[in-house]
Amino acid sequence: MRYSRMFIPTLKEVPAEAEVISHKLMLRAGMIRKLASGLYTYLPLGLRSIRKVEQIVREEMNAAGAQELLMPIVQPAELWRESGRWDHYGRELLRFLDRHDRECCLGPTHEEVITDIVRKEVRSYRDLPLNLYQIQTKFRDEIRPRFGLMRGREFIMKDAYSFDADEESLDRQYRAMYRAYCNIFERCGLEYRPVEADTGSIGGHASHEFMVIADTGEDIIACCTACEYAANVELAPVRGESLRPDESSETPGPLETVATPGIHSVEQVADFMKITPGEIVKTLVFIADDQPVVAFIRGDRELNEVKLQRLLGADRIEMAGDSVVRRVTSAPAGFAGPVGISAGVRQVADPSAASLKCFTAGGNRKDTHLKNIVWGRDAELPEVHDIAVITEHDPCPACGGKIELKRGIEVGHIFKLGTKYSEALGARFLDSNGREQPVIMGCYGIGIGRTVAAAIEQNHDEKGIIFPPPVAPFDVIISLLDERDEELAGIAEKMTEALEAAGLEVLLDDRKERPGVKFKDSELIGIPARITVGKKFKKTNEVEVTPRRSGKTENMSVEDAIAKVLDITGSAPQKSQAE
């Protein structure tokens, strides 16, 4: 492909709208262009990388036994009402009426549609197991779309759905998808970690996220340095030995009221009362599915809302407003505590709070805190459950080793859905005994464009993108420095033909531009290898080869240059064990 004939509208300046590295570089490299908020056109260069990821995904999904289909993006409301998600999914579900006033939505996901297909076609256990997938456009009407392809409203996704007769079969499919996902992200050349994760609005009872490690990632994952354990901090349990229970032999003093005018935060209270944050209990009031809930956690820890929501089995959870806090505790926000909570309100304490022999907390009166509170004496001990965010000071939940917190970008997510959708939509089959059973489901998604963006977040420098070879739009760029010189142009053409014959995709930069412009553009768009054909060739019969990642240029013959590029791109023939 000749650069002069390709549509690659690069930009010198960083667009004002771009916030994260991948968004900035995809705009500057001419890979995408914004149409409206959260809506992007994939330009030729960007689409080539998208297709590379799609092909890897297809090959691994097919190898794992999945079959590709394609479902409509427009979905009827009746299906979503059957599953119960029409009213519960939220405003991200774009609803509309067609010309016959029938309610529809643009599919953010396809559990309902695929379950409808299976309930109409699958009759017997002999039809199972089954795994169907598609690569399709999705639409989620995000309230704040941002970060380019990281969080757009319209995006390309691979979603697969498995159907099984029993849990054992589901486990086999789940493991097969787990291995396929590992293969996919390894083949994409990415550093990633599979982590235990929350199932979110999709539902189900087990899931793993696949995270690309990047400093700019929105998610935080807890990784063990001693074993393979990794989990999203939203889900990672806190082991009991890290809670430092109060083992003091001193008898707690009497309950004491302390005036704390205008002092709200844990840090302010600790400083004012000359105590540590670990001697304070935070009292937090939430609304879970319209019901108030009070949660207690030690002052030096953070409460994990996802854990609390899962514990409560709530569809929605949010911090309560001041009016609810006053109704439940009789105090304004900042002065709530466990002594005198309204009867009938559910209360949950993290072990970090429950293990304290005595502590300080809000006094449930304005400008007041209570000192020497004792569970069971001054306040009833609530339910005790792990509702804390794990930290690097906590041991690994699996082996007790050291935990590290890393940032990651979610690019894939797999779920064990169970019978949530098959029960709701009536997808049933006859088992070997002739009894009717609900199909057991799994769900497996990969963000295609998000994977390309994550690859850029993980692989870039101050000059631009450094694409891993498997997802690069081209394997090599040949920079012809004098397109008018027939001898040099002929060498560039011959090298292009030789590299293409070896299976590589070549971009021949034949533009009438200065060498500096060509070099900067090649670095910006991130093609793994550059061959420079310039006037030096006439003196030395050598060209320059520059790997994008190292940036170290070497002079070599045409034959050696071709071999070098094959090596850089991972396309060189592998030697056998006997050689």
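Q: Which elements each supply at least two residues of the lining of the largest cavity?
A: Start with the general idea. Rolling a probe the size of a water molecule over the atoms shows where empty space is left. Now the case here, in a predicted model. Strand β21 (403-418) and helix α11 (448-458) each supply at least two residues of that lining.

Q: Which of the elements gives the most to the lining?
A: β21 does, with three residues.

Q: How many cavities of 30 Å³ or more are counted, and how much space lies in the largest?
A: The count comes to one. About 80 Å³ of space lies in the largest cavity.

Q: Which residues line the largest cavity, and of what class are they?
A: Look for V20, F147, M150, T216, E218, G408, I409, E410, R450 and E457. By class, four are nonpolar, two are polar and four are charged.

Q: How do I read a sheet, and what is the strand order in the one with β13?
A: Strands of a sheet pair through backbone hydrogen bonds, either parallel or antiparallel. Here three strands form an open sheet, in the order β13-β19-β18, with antiparallel pairing. The edge strands are β13 (256-259) and β18 (359-362), and each pairs on one side only. From one strand to the next, the twist averages 30 degrees.

Q: How many bridges join β18 to β19?
A: Three bridges join β18 to β19 (residues 368-373), and the two strands run antiparallel.

Terms used
Residues numbered from 1 in each chain as written. Predicted model: local features only at pLDDT ≥ 70, side-chain atom pairs only at ≥ 80, totals over all residues. Heavy atoms only, no water. Pairing = 2+ DSSP bridges. Helix = DSSP H or I, 4+ residues; strand = E, 2+ residues; numbered from the N terminus. Axes fitted to C-alpha atoms, helices over the stretch in contact; angles between N-to-C directions. 1 Å grid on protein atoms, 1.4 Å probe; cavity = no way out; pocket = protein on both sides within 12 Å on 5 of 7 lines; lining within 4 Å. Points joined across faces, edges and corners; volume = space filled by probe spheres on them. Nonpolar A, V, L, I, M, F, W, Y, C, P; charged D, E, K, R; others polar.
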